[in-house]
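Subject: Structure for you to look at

Hello,

Please find the structure below, with notes on what turned up in it. Let me know if anything needs another look.

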Amino acid sequence: MAWRIGVDIGGTFADFVALETTTGRLETLKVLTTPAEPGQDVAIGLRRLATEGLVPAEIERFVHGTTVGVNTIIQRRGAKLALFTTAGFTDMLELARLRMPDPYSLFCERPAPLVPRESVFGITERMDAEGRTLTPPDRASVAAALDDALAQGCEGVVVSFLHAWRNAAHEDAVAALIGEIAPQLFVFRGSEVWPAIREYERTTTSVLNAYVHPRIAGYLERVQGQLTAAGIAAPLLLTTSAGGTMTARRGRRDCVGMLLSGTASGVVGAGVVARAAGERLVLTLDIGGTSADVALLADGVPSFGSGQAIGEFPLAIPTVAVISSGQGGGSMARVDAQGVLQVGPESAGSTPGPACFGRGGTQFTVTDAALLCGILGQGQLGFGAIAPDRALAEAAARPIADRLGLDVPTVAEGVLRVAISGMLVEIDKLLARAGAHASELTLMPFGGAGPMLGALLAEAAGIRRVLVPAVPGTLCALGALAADLRRDTMRSLLLPLSGSALPLLRKTFDALATEARTTLDEMGGEGASDISLGADLRYQGQSFEVPVPLPATWREHGTAADLAALFHAAHKDAFGHCDLQAPVEVVSLRAAALRRAPPLPVRDDPVVEAEAMPETMISLRLAGAWRPAGLYRREALSAGMRLTGPAVVTQSDCTVLVPAGWQVCADAQGNLVMETI
């Protein structure tokens with residue numbers, strides 16, 4: 001027998017999916033995360049899976065996603081860094097783009113940079129915009145900066161010079177000098193991390209990479225040690241922000257490539273479910289312990305973009321386009337100075353966790369509210385890892401209820417409604433940008449808390465169809481198993497699009513494709529690799545570009561007119577208009593090499609229509625009153641069975657709420673399809 005393991009480490013739970021390839025048997029598991037001992041949760045989960053028949057020596061693929069990088073940034077627990085910039089540009093991080101996070105707030109402030117101003121050093125060097133040396137790097141300038149950096153206790157250096165996207169020679173020379181003078185410092189170059197044209201975006205992406213490097217490298221070393229101790233010989237693969245996978249060896253340097261690994265693999269898993277179910281346009285809703293993440297899928301394929309915010313900072317690399325809001329199962333409720341009930345973005349996480357977990361938490365959370373409304377507590381929570389205590393949840397809710405002059409059940413339902421309102425704000429933004437209407441969508445909720453709130457959110461958004469996957473609580477881990485091996489490359493060019501530019505464009509695409517494929521071959525895996533191409537184009541005089549995917553045949557047969565036509569169409573699709581006569585400019589070229597992951601088995605159960613009977617009746621607090629509702633077990637709902645809300649469906653990895661006015665049918669793939677009556 002052979003096994004494939006997918007693991008996703010979130011803020012509260014570590015999710016596991018184990019696939020036995022010969023029989024197609026799928027085992028799922030949740031264990032509490034161990035923030036004080038990163039990697040220990042992986043060992044605990046593997047030991048639990050061993051009791052279900054998993055043999056470590058028979059594991060042929062082990063894919064892992066984690067939030068250790070993004071949590072390091074949000075909590076500001078990364079490395080102490082020095083930043084070497086071109087002399088005269090040392091205020092780059094403070095100036096940023098001269099934009100405020102909330103321009104309408106009188107109290108809004110820019111976030112403090114991850115590298116403080118006293119740790120930014122101007123190096124005597126200069127290159128012009130064409131990549132020609134004006135002033136070579138000065139050794140004395142570098143040595144003086146290193147003396148100051150070491151005196152401040154810096155652990156690493158980011159080197160990001162003006163126009164290095166055009167020519168990286170100065171960054172390479174200074175990195176070599178640092179290795180010679182201060183070999184104890186790790187070094188990252190902006191042109192190495194992501195050679196984008198804009199200094200600020202290139203620099204912040206490089207700083208993010210270096211900031212999390214020691215923690216990610218140490219974390220991966222510990223996880224690898226756990227796998228070796230367990231007798232697992234399969235290489236450790238990591239899910240990436242772009243929805244693919246890479247080796248742990250590359251992940252130690254390409255840290256930004258895995259910052260959004262958990263959220264991206266959830267979208268990949270949702271794509272697998274959507275394609276199998278034949279869903280055309282899907283809005284994914286991943287609610288974990290800390291946040292709610294939403295994305296759009298068209299025919300099972302996610303959209304991609306760059307500029308995704310990590311904490312308070314932009315990330316220039318391409319990622320699965322996901323929008324997050326700070327409302328998760330562990331998000332804490334409070335009453336602000338104006339007497340208004342607020343939920344999130346602060347989260348109780350797994351330690352101490354929601355009050356009802358009995359792990360020392362005292363703040364009232366979304367999970368506590370769901371327990372007091374009767375939604376939770378009807379079955380296992382987190383595969384039996386938690387036995388929620390209603391009395392502890394009531395004690396946490398009491399101060400808020402007293403402050404508002406309300407009873408506890410009303411406060412609990414109010415917390416759920418406020419949390420949903422916060423998610424709805426981000427969904428409205430996403431749909432407005434995509435030009436999609438809620439009535440066209442199928443909502444796919446997953447994560448530990450997604451199915452619990454999914455139908456309530458659908459009602460608020462005007463969505464009339466909800467599809468709950470068979471294993472919603474561990475879908476991110478399933479997505480890790482489905483993720484392809486992937487390597488992205490790019491080059492900035494900045495030149496007019498014309499027939500004379502074609503030789504350079506083809507030469508650059510060839511180099512990018514070769515680099516991507518070579519790196520992919522180093523990662524291993526079986527089967528042929530595919531190359532996808534893209535270009536970032538804009539009208540001459542525009543400030544920002546539009547990403548344009550290209551057909552694979554363009555390298556051999558495409559013309560400048562073909563590329564311009566693709567850009568005009570993409571511009572019209574994005575903004576509603578285009579100018580066929582305006583000159584077009586090439587900003588960057590991109591190539592990605594992909595090696596497909598082994599396909600996952602798809603259930604096709606025989607459908608027998610029948611009315612499901614509840615196991616018992618419970619009380620739910622919905623729409624301002626307690627109402628009788630049916631309680632069902634997910635494993636008892638075979639394909640074709642139907643039920644009508646209000647109801648609660650429990651399973652080992654999550655709880656599904658079915659409000660009044662919704663009908664549910666189990667389909668052949670094991671999904672629960674909910675529709676308004």
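A pocket here is an open set of points on a 1 Å grid over the protein atoms alone, where a 1.4 Å probe fits, with protein on both sides within 12 Å along at least five of seven lines; lining residues have an atom within 4 Å of a point. Grid points are joined across faces, edges and corners, and a volume is the space filled by probe spheres set on the points.

The model is predicted, with local features needing pLDDT of at least 70 and side-chain atom pairs counting only at pLDDT 80 or more, while totals for chains, interfaces and linings use all residues. Residues are numbered from 1 along each chain as its sequence is written, and side-chain values use heavy atoms, with hydrogens and water left out.

The second largest pocket

Its volume is about 790 Å³. The lining of this pocket consists of 33 residues, and those nearest the centre are L26, A470, V471, R603 and Q669. At least two lining residues come from each of β3 (25-32), α9 (261-277), α14 (475-482) and β33 (647-651); helices (H or I, at least four residues) and strands (E, at least two) are DSSP runs, numbered from the N terminus. The largest contribution, three residues, is from α9. By type, the lining has 16 nonpolar residues, eleven polar and six charged. Ala, Val, Leu, Ile, Met, Phe, Trp, Tyr, Cys and Pro count as nonpolar, Asp, Glu, Lys and Arg as charged, and the others, Gly among them, as polar.

The chain as a whole

There are 17 helices and 36 strands in the protein chain. The chain is as compact as a globular protein of 677 residues, because its radius of gyration is 26 Å, close to the 26 Å from the globule rule (taken over C-alpha atoms; the rule is 2.2 Å times the number of residues to the power 0.38). The C-alpha trace spans about 80 × 55 × 55 Å along its principal axes. Of the 677 residues, 56% count as buried, that is, under 20% relative accessible area with a 1.4 Å probe and protein chains only, whereas exposed means over 50%.

Backbone details

Two cis peptide bonds are worth checking: G344 to P345, with omega about 0°, and G645 to P646, with omega near 5°. P345 lies in strand β22 (341-347), and P646 in the loop between β32 (641-644) and β33.

H163, not a glycine, has a positive phi near 65°. H163 sits in the loop between β9 (156-160) and α5 (169-181) and is buried at 17% relative accessibility.

Regards
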